Amino acid sequence: MNPIKIEVQASPGQPIIDPTKNEQNSRFKSAVDKANIFSLIYFTYVLGLIKSAFKATKEGKLISTKNLITSPWNRRADVLSERFTHNLTQQKRKNPQAKLNLSWAILKTVKWTLFKITFIETCFVFTRIFSAWIIKKLVDCYVTPELADDAWKWAGILSACLIVAFHCEHHFNYLASFLPNHIQNALINLVFGKITRLSTDALTKISSGKLINICTNGVNIFEQLGMYVCNIFVGIFTLIAGGALLWQYFGVYCLVGLGYLVFWYPWQQIFIMISL
């Protein structure tokens, strides 16, 4: 089946509308979308905003909304809330009798972003642990004169590991910090979007206090704990890889420290939560 191509041409005297510049269009291209790989790695696309802010401050003016960096289409609160609704609708179609699971709908919507965060954070942990092993090789080169010629090689590998770890740490912190805020904004947008569709009689039966509680305390949990969701998976890898490295240094005695992390530390956190 051949796709149908539709071309819209403006009449004489009318400008052609560019959908990539219309923020209400799904084909809109923000500064983040237009950035190249170098700009995405080092966040150079914010230099325009910094330049505008410096110029406005020097002239004693305020920057306008035109100078701000627009959010990509797939990160907008209304787009995320529509995807939440779509996943909830899919749940209802598959099993009409089951209770809707909003948490599962959110995870299904942001699964690729969570995978990206987990992958980058795992790379960061791996490079850090691998760097410790490289440092051990450098120490061996210092202790053993016969291995002194290999020190330059291990020093170069260590430098590369530190550079990779620096970039991975910066990017997984960036992704893990903005995702919970976007989910929070999308849920608030979803709640108020449903409210605007209610009749006047139904609105009088809704408790404003419950709505405020949902949009503050109920939604804020994503901002408080959302940044650490991926640590549940990365922590297992960290314990295994870190334990293997410590075993090379201290042998069976490293199990004392690992046992403290695995058993006593979670109980300590539980006691703290109960006491609060």
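Predicted model: local features only at pLDDT ≥ 70, side-chain atom pairs only at ≥ 80, totals over all residues.
View 1. Lysine 61 forms a salt bridge with glutamate 59. The closest N and O atoms are 3.7 Å apart. Glutamate 59 is partly exposed, at 45%. Side chains of opposite charge can pair when their charged atoms come close.

**View 2. Helix α3, residues 47-58.** This helix has 12 residues. From its first C-alpha to its last, α3 reaches 16 Å, close to the 16 Å expected at 1.5 Å a residue.

**View 3. Arginine 76 and aspartate 78.** These two residues form a salt bridge. The closest N and O atoms lie 2.8 Å apart. Arginine 76 is buried, with a relative accessible area of 16%. Aspartate 78 is partly exposed, at 25%.

View 4. Aspartate 140 and lysine 136 both lie in α6, which spans residues 111-143. They are 4 residues apart, about one turn of the helix. An α-helix has 3.6 residues a turn, so residues three or four places apart point the same way. The side chains of aspartate 140 and lysine 136 meet in a salt bridge, at 3.6 Å from N to O. Aspartate 140 is partly exposed, with a relative accessible area of 27%. Lysine 136 is partly exposed too, at 24%. How many salt bridges does the count give? The count comes to 3.

**View 5. Cysteine 141 and cysteine 161.** Cysteine 141 is buried, with a relative accessible area of 5%. Cysteine 161 is buried as well, at 10%. A disulfide is a covalent bond between the sulfur atoms of two cysteines. How many disulfides does the model hold? The count comes to 0.

**View 6. The setting of the close-ups.** The protein has 11 helices and 0 strands. Buried residues make up 24% of its 276 residues. The protein exposes about 20400 Å², and carbon and sulfur atoms supply 65% of that area. Among contacts with a separation of 6 or more, 62% come from residues 24 or more positions apart.

Technical notes. Residues numbered from 1 in each chain as written. Heavy atoms only, no water. Disulfide = S-S within 2.5 Å. Buried < 20%, exposed > 50% of the residue type's maximum accessible area, 1.4 Å probe, protein only. Helix = DSSP H or I, 4+ residues; strand = E, 2+ residues; numbered from the N terminus. Contact = heavy atoms within 4.5 Å. Areas by Shrake-Rupley, 256 points an atom, 1.4 Å probe, with all protein chains shown as cover. Expected span 1.5 Å × (residues − 1). Salt bridge = Lys/Arg side-chain N within 4 Å of Asp/Glu carboxyl O.
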